[in-house]
Amino acid sequence: MDYEKLVPTMRKLALEAGDRIMEIYDGPDFEIKSKSDDSPVTAADEAADKIISDGLRAAFPDVALVTEEQATSHNLEVSTFLIVDPLDGTKEFIKRRGEFTVNIAYVENGVPKAGIVYAPAIKRLFYTLADGRSVEEKGSFDKDQPGELSPIAVSTPDNRALMVVASKSHRDQATDDYIGQYGVKDMTSAGSSLKFCLVATGEADLYPRLGPTMEWDTAAGDAVLRGAGGLMVTFDEHKTFVYGKDGFRNPFFIAYAPGVLLVK
């Protein structure tokens, strides 16, 4: 993969998709439909998916593309591929809570090597550079010219006083029981893949997820986290997280700064 081409391509497509999402978000009430698994989908999901998918296929025609909104892509058996969630956090979008993201990632041999997470409503943009390091961009988000880039890195956690982030829409008692095994200073909730980015920037130390997710939900955030020195492992056995699994389904997982002493 030509990362010098991939990074600006992903960035531009994420920004373009974000603009279209915000046009719908800021407009009149939008139609909400249900997919086969009863999860919601809006015109924003579909419009963003078209922008990103068309752009990636034009730029990288020989690389497999997996996207949440195209069910036929879910049958692919691949270990190297581009993977997209055009609007992660649709429930946050519908409730107009702002914490939704555009996620694009590149996976090579099961490892997320590059990713971008863009939260257009709260104007936060995180991505990996060509050398694999993660940054947060500030500024006007010009499509062709990146603004100020700040390197990001995970925290050096205090295991007696951890900062924990958990899902805003999918919190449950099992998650709270697990978190209760740690020394927690403070806990926050966040929507979509922003939780990975909060760990990547050091704003949180630990993000456990004891619930169903798909690879398009996690690959971009995982790439950003890894590029900031963080880790993501399976919940039960603490094994390295890999991509290209059957049906692109994820097991439960833990994303964290390496200094956190995980409990089983």
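Which residues does Gly89 touch, not counting residues up to four places away in sequence? Gly89 touches Phe100 and Ser192, where contact means heavy atoms within 4.5 Å. This is a predicted model: local features need pLDDT of at least 70, side-chain atom pairs count only at pLDDT 80 or more, and totals for chains, interfaces and linings use all residues. Residues are numbered from 1 along each chain as its sequence is written, and side-chain values use heavy atoms, with hydrogens and water left out.

Start with the sheet. It is open and has 7 strands, in the order β3-β4-β5-β6-β7-β8-β9, with mixed pairing. Strands (E, at least two residues) and helices (H or I, at least four) are DSSP runs, numbered from the N terminus. Two strands pair if DSSP finds at least two bridges between them. β3 (65-67) and β9 (148-151) stand at the edges; each has a single partner strand, so one side of each is left without a neighbour in the sheet. On average, neighbouring strands are turned by 20° against each other, direction ignored.

Leu65 stands opposite Leu82 in β4. Helix α6 (residues 215-227) lies across β3, β4, β5, β6, β7 and β8. The helix runs at about 100° to β6. Axes here are lines fitted to C-alpha atoms, for helices over the stretch in contact, and angles run from 0 to 180 degrees between N-to-C directions.

Now turn to helix α2 (residues 43-59). Its buried residues include Ala44, Asp45, Ile52 and Leu56. Buried means under 20% relative accessible area, exposed over 50%, and partly exposed in between (1.4 Å probe, protein chains only). Seen down the axis of α2, the buried residues fall within an arc of 165°, so they line one face of the helix. That arc is taken from the directions from the helix axis to the C-beta atoms. Lys50 and Ala58 are exposed, on the face turned away from the buried side.

Finally, the annotated site. The unreviewed UniProt entry gives a "binding site" annotation to Glu68, Leu87, Asp88, Gly89, Thr90 and Asp217. These residues are spread over 150 residues of sequence, yet they cluster in space, with a largest C-alpha distance of 12.2 Å. Such annotations may be inferred rather than shown by experiment.

Leu87 lies in β4. Leu87 is buried, at 1% relative accessible area. Among its contacts are Ala44 and Asp45, both buried residues of α2. Gly89 sits in the loop between β4 and α3 (90-94). At 16% relative accessibility, Gly89 also counts as buried.
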